[in-house]
Amino acid sequence: MDVVVVESPAKAKTINKYLGDDYIVLASYGHVRDLPSKDGSVQPDDDFAMTYMTDEKAAKHVKAIANAMKGSDKLYLATDPDREGEAISWHVLKALADDYGMHDIYAKRVVFNEITKRAVLEGINNPRDLDMDLINAQQARRALDYLVGFTLSPVLWRKLPGAKSAGRVQSVALRLICEREIEIEAFIAREYWSVEVDFKTAANAALIGRLTHLNGVKLDRFSIADGATAEAAKRTLEAGDFTIAKVETKPTRRNPSPPFTTSTLQQEASRKLGFGAKRTMQVAQRLYEGFDIGGETVGLITYMRTDGVSMANEAIAGCRDVIGQEFGPEYVPGEARVYKSKAKNAQEAHEAIRPTDFSRLPKDMSAYLDTEQQRLYELIWKRAMASQMEQARLSRTTIEIAAKDNSSNLRTTGTVVDFPGFLKLYEEGKDEKQDGKGDGDEDRRLPKVSEGEALTNEKVRPEQHFTEPPPRFSEATLVKKMEELGIGRPSTYASILTVLQDRSYVVLDRKRFVPEDKGRLVTAFLESYFHRYVEYDFTADLEGRLDAVSAGEVDWKVVLRDFWRDFSNAVDGTSELRVREVLDKVNDMLAPHLYPDGGADRICPACKKGTLNLRGGRNGFFLGCDAYPECQYTRAMKQAEEGDMDEKFAAGPIALGDDPESAMPLTLR
């Protein structure tokens, strides 16, 4: 009897049914060994020797595997098909050797991308050896995260009291959020006006034109800068006689998006379903592990941690069959679409996320799934289906409108769908545009008009606008930005966003990330003293080197040595720093946030002589007068927002922490 090890008990139960009585399928319940949370687990002075320990909870699972192996000939390691899964398989084998003396086991790695009987049997029949390049890449990543966390976090505790921790990737993600907030705070709105005219055509159809030229001058966004100029333009338009000057129609085509990768699934689930990255992965995990459908437990989607955008040939064939059945032959392109992954490391570029069987229509699965599972399955099914459908054929029409005396010109654009193609099923969601710049009026339906046709001027509508600051990051836009910069990996995005919130560095407000003062302080500190390690290019380059380790192109110890040489020197360089020196530097960096009135609000309101500066105490950070102890004025870092002051004071005094000298509590009243 052979033993098969998978990660989850749900998966173990399903796979045991597929393989029958000749196999024992057991679960490792995820990682079985890790670096202990203490100094010395990674030893740079001993060529980065790593001391692993079997987790207490995992020990009983390893014991169950060891007991099963006593009467077995072969061990199949069937953990998840990614770098993390490869490492878990290796750790299971190491734990059996170290803890139970099982050194000469016949052990093979088994990989399947979906939990279906066909895929599992195919995997068992085609085992391979463990991939040490993937394993070493994961070890290198874990060592780097450990070294940064256990070396940098104590520096933070000593030099910036109240800060909790720093992480290799989380600190860079936090910097993105803080920098966006600085942009928003520094933004100065600018006024501008647009002028539109409601026309009626000869056939009495409505047509809207936007002013583009006035008195022979082409208008840019800010040409009409105030209400007076807009009113003058309005009078000119009201006095004009207008005709259709030009009608131009251009045929265009749109191709569908590729099927989901981990990051695009997280982005689209956030936009369309309102799911956070963590929730998306939890629901996707359940869909991957499967449900009892028709007396057989089957996984509904392929593995959900992937950078790949391709689909297996048999999946594409099944998809094209269903497209023909559900939508008709005209929606099936002549040739299957081929998508290429942008992933640098081909070894990790697995299939995209897709249904395991396209004939399982979302409406038919609703009886087996809860609401969240149903919605996510439908999203995955539609995206994968649409990726193989015929392109959409559109006609983009531009109508130029001119006054007979050439005093003004207007334009309107619209798009007519000649053949919907994939749009009949699915269209990718869009993130908000910066500064209010959307896609204009391209989706507007336009009436039939001809050149030279006279128009009736119904109403002139000037409208005031103000430029808008860049929007705060949502989970979708932050994941997208991290992917663009090459920071982290799709499998880590959800945990990074969770850690930032758990450590009170950021909060989600109306589904947008807002940095807390603690997060801004940590970012300011790291930019001041560890700038290189929160640079986007440096972090992305390190990810690239880890990918090169996975591909067998670079030795993992070389990556660790190169990183540690410079990083340890940077840490040593902070040893003589005094807390006051650090707070003064952070105070200067955050001055626009702490003192938004440009300096006037730094004068102590109590003594009128001293200056407010950043201070730290047992209960966090606050602003205090530098004339202390003569003046003992303090206030919280974060002022009440305008309009919130009455509400905050009505709730009672605001606690500021303890007075540094008397240790008595201070409150703002």
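**Figure 1. Phe48 in the loop between strand S4 (42-43) and strand S5 (49-50) of the predicted model**. Strands (E, at least two residues) and helices (H or I, at least four) are DSSP runs, numbered from the N terminus. Phi of Phe48 is near 60 degrees, a positive value in a residue that is not glycine. Most residues other than glycine have a negative phi. Phe48 counts as buried, at 3% relative accessibility. Buried stands for under 20% relative accessible area, exposed for over 50%, and partly exposed for values in between (1.4 Å probe, protein chains only). Residue numbers start from 1 along each chain as its sequence is written, and side-chain values use heavy atoms, with hydrogens and water left out. In this predicted model, local features need pLDDT of at least 70 and side-chain atom pairs count only at pLDDT 80 or more, while totals for chains, interfaces and linings use all residues.

**Figure 2. Asn406 in the loop between strand S15 (392-403) and strand S16 (408-419)**. Asn406 has a positive phi of about 60 degrees, although it is not a glycine. Asn406 counts as exposed, with a relative accessibility of 57%.

**Figure 3. The cis peptide bond from Tyr628 to Pro629**. Omega of this bond is near 10 degrees. Most peptide bonds are trans. Pro629 is placed in the loop between strand S21 (620-625) and strand S22 (634-636).

**Figure 4. Arg109 and its polar contact with Glu86**. Arg109 lies in strand S8, which covers residues 106-109. The side chains of Arg109 and Glu86 make this contact at 2.8 Å. A polar contact is a pair of N or O atoms within 3.5 Å; within protein, one atom must be able to donate a hydrogen and the other to accept it, and residues adjacent in sequence count only if both atoms are side-chain atoms. Arg109 counts as buried, at 1% relative accessibility.

**Figure 5. Leu265 in helix H8 (residues 262-273)**. The relative accessible area of Leu265 is 0%, so this residue is buried. Beyond its neighbours within four places in sequence, Leu265 is in contact (heavy atoms within 4.5 Å) with Phe260, Thr280, Ala284, Ile353, Leu376 and Ile380. Ala206 is 59 residues from Leu265 in sequence, and their C-alpha atoms are 40 Å apart in space.

**Figure 6. Residues 344-348 and 640-652, two stretches with pLDDT under 50**. pLDDT is the predictor's confidence in each residue, from 0 to 100. The protein averages a pLDDT of 89, and 92% of the residues score at least 70. Over residues 344-348 the pLDDT is below 50, and this stretch has 14 contacts in the model beyond near neighbours in sequence. For residues 640-652, the model has six contacts beyond four places in sequence.

Figure 7. The C-alpha atoms fill a box of roughly 95 × 85 × 50 Å, taken along the principal axes. Of the 669 residues, 50% count as buried. Among contacts between residues at least 6 apart in sequence, 72% join residues at least 24 apart. The protein exposes about 31800 Å², of which carbon and sulfur atoms supply 47%.

Terms used: Accessible areas come from the Shrake-Rupley method with a 1.4 Å probe; for residues, only the protein chains shown count as cover.
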